[in-house]
Amino acid sequence: MGEPARTAMIFGAGGGIGAALVRRLAESGGFAAIHAGARTAPAHLPGSVVPFRFDLEDEGSIAAAVAALAGPPDLVFVATGVLHDTAASIAPEKSYRQVRGDTLAHLFQVNAIGPAIIARHTLPLLPRDRRAVFAVLSARVGSIADNRLGGWHSYRASKAALNMLVRSFAIEQARTHPQAIVAALHPGTVDTGLSAPFQRGVPAGKLFSPDQSAGYLLDVLDGLTPADSGGLFAWDGTRIAY
Ligand SMILES: NC(=O)c1ccc[n+]([C@@H]2O[C@H](COP(=O)([O-])OP(=O)(O)OC[C@H]3O[C@@H](n4cnc5c(N)ncnc54)[C@H](OP(=O)(O)O)[C@@H]3O)[C@@H](O)[C@H]2O)c1
């Protein structure tokens with residue numbers, strides 16, 4: 001018997017890093033089926049990729065996308081997230097005086113609750129008889145241990161919540177899926193719309209292109225073992241303390 005045909009599912013394929021991940025996965029030839037989801041139909045998908053629509057704030061759209069999978073997902077990659085949103089007057093706070101309940105609620109919804117709902121629908125489907133990965137883009141600034149600057153209160157708190165969910169889900173998943181890896185990733189500082197207003201001061205060579213970051217992240221995932229499950233890993237493979 002040959003290797004089972006592998007399936008990948010990427011949520012956030014319209015984002016800077018998400019789109020680059022889809023391109024890299026398609027080029028790798030490592031997956032027989034790649035499902036790529038976005039709020040609006042993502043442009044320029046490689047021909048072999050199957051598009052789907054979902055919104056993190058609409059659980060039914062996530063359930064429907066998962067139900068349409070042909071087989072169990074060997075890789076689930078959540079590449080969504082929000083830091084600022086000019087239309088909604090959301091910007092990272094410099095002081096607790098700027099903290100607003102609606103901003104906190106929105107960032108928790110997109111950065112922590114949405115990925116948790118994706119996990120709820122996909123983790124039970126991961127194959128039990130082989131290695132499988134659930135990965136989500138978090139951020140180093142979501143590490144409580146690493147926080148020396150403060151600020152960006154809603155974003156940091158939402159990513160810290162995400163990191164805790166990843167750790168807790170990994171512990172539970174190991175009981176039924178001993179070969180599974182559930183991991184949070186820090187992609188580095190990447191040249192996307194999310195980081196665009198905050199790139200000043202990034203040292204030369206430390207602002208990655210989305211393609212560069214996607215390559216690093218897929219290499220990191222390749223190197224993880226089930227013993228690493230529950231961790232937060234940077235683009236260079238180093239583990240970041242929570
Ligand atoms: N760029 C960096 O320097 C950096 C650094 C650390 C961590 N990260 C993390 O990396 C992840 C990806 O960021 P990026 O840099 O690629 O940013 P991006 O280009 O802005 O991509 C973010 C994606 O999230 C999607 N999204 C937002 N709200 C959504 C919702 N309700 N439902 C479905 N999709 C939704 C956006 O969809 P639309 O296109 O429809 O808006 C967009 O495709 C984020 O979690 C971010 O926190 C990035």
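1. **P115.** Not counting residues up to four places away in sequence, P115 touches V78, V136 and L162. Touching, or contact, has a cut-off: two residues are in contact if their C-beta atoms, placed from the backbone, lie within 7 Å. P115 is found in helix α3. P115 counts as buried because it has 27 C-beta neighbours inside 10 Å. The cut-offs are these: a residue is buried if 20 or more other C-beta atoms lie within 10 Å of its own, exposed if 12 or fewer, and partly exposed in between, with C-beta atoms placed from the backbone. E59 sits 56 residues from P115 in sequence, and their C-alpha atoms are 11 Å apart in space.

2. **What kind of model this is.** This is a predicted model, in which local features need pLDDT of at least 70, side-chain atom pairs count only at pLDDT 80 or more, and totals for chains, interfaces and linings use all residues. Residues are numbered from 1 along each chain as its sequence is written. Helices (H or I, at least four residues) and strands (E, at least two) are DSSP runs, numbered from the N terminus.

3. **I118, also in α3.** Helix α3 holds I118 too. I118 is buried, since 26 other C-beta atoms lie within 10 Å. I118 touches F11, I62 and V78, leaving out residues up to four places away in sequence. H177 is 59 residues from I118 along the chain, and their C-alpha atoms are separated by 17 Å.

4. **Helix α2.** This helix covers residues 59-67, and its buried residues are I62, A65 and V66. They cover an arc of only 95 degrees around the axis, so they sit on the same side of α2. The arc is that of the directions from the helix axis to the C-beta atoms. The face turned away from the buried side carries the exposed residues G60 and A67. What covers the buried residues of α2 includes β2 (33-38), β3 (50-53) and α3 (101-122). The contact between I118 and I62 is one to find on screen.

5. **Helix α5.** Residues 210-223 form α5, with 14 residues. From its first C-alpha to its last, α5 reaches 20 Å, close to the 20 Å expected at 1.5 Å a residue. The expected span is 1.5 Å times one less than the number of residues. P210, S213, A214, L217 and V220 are buried in α5. Seen down the axis, these buried residues fall within an arc of 125 degrees, so they line one face of the helix. On the other side, D219, D222 and G223 are exposed. The buried residues of α5 pack against α1 (16-28), β6 (180-186), β7 (189-190), β8 (207-208) and β9 (232-234).

6. **Helix α4.** With 24 residues, α4 reaches 36 Å from first C-alpha to last, close to the 34 Å expected at 1.5 Å a residue. Its buried residues include Y155, K159, L162, V166 and F169. The buried residues of α4 pack against α3, β5, β6 and β9.

7. **The core.** Which residues touch the most other members of the largest nonpolar core? Of its 54 residues, the answer is I10, L21 and A183. A nonpolar core is a set of buried Ala, Val, Leu, Ile, Met, Phe, Trp, Tyr and Cys residues joined through C-beta atoms within 7 Å. I10 touches G18, L21, V22, A36, G37, F77 and A79, not counting residues up to four places away in sequence. In soluble globular proteins, nonpolar side chains tend to be buried together.

8. **The ligand shell.** Of the 28 residues around the ligand, G15, G16, G81, T192 and L194 come nearest. A residue is near a molecule or strand if its C-beta atom, placed from the backbone, lies within 6 Å of it. α1 and β7 each supply at least two residues of the shell. The largest share, 3 residues, comes from α1. The shell divides into 12 nonpolar, 13 polar and 3 charged residues. Here Ala, Val, Leu, Ile, Met, Phe, Trp, Tyr, Cys and Pro count as nonpolar, Asp, Glu, Lys and Arg as charged, and the others, Gly among them, as polar.

9. **Two positive phi values.** Phi of S89 is near 55 degrees, a positive value in a residue other than glycine. S89 lies in the loop between β4 (75-78) and α3. Phi of W152 is near 50 degrees, again positive and again not in a glycine. W152 is in the loop between β5 (132-137) and α4 (153-176). Are these residues buried or exposed? S89 is exposed, with 10 other C-beta atoms within 10 Å. W152 counts as buried, with 22 C-beta neighbours inside 10 Å.
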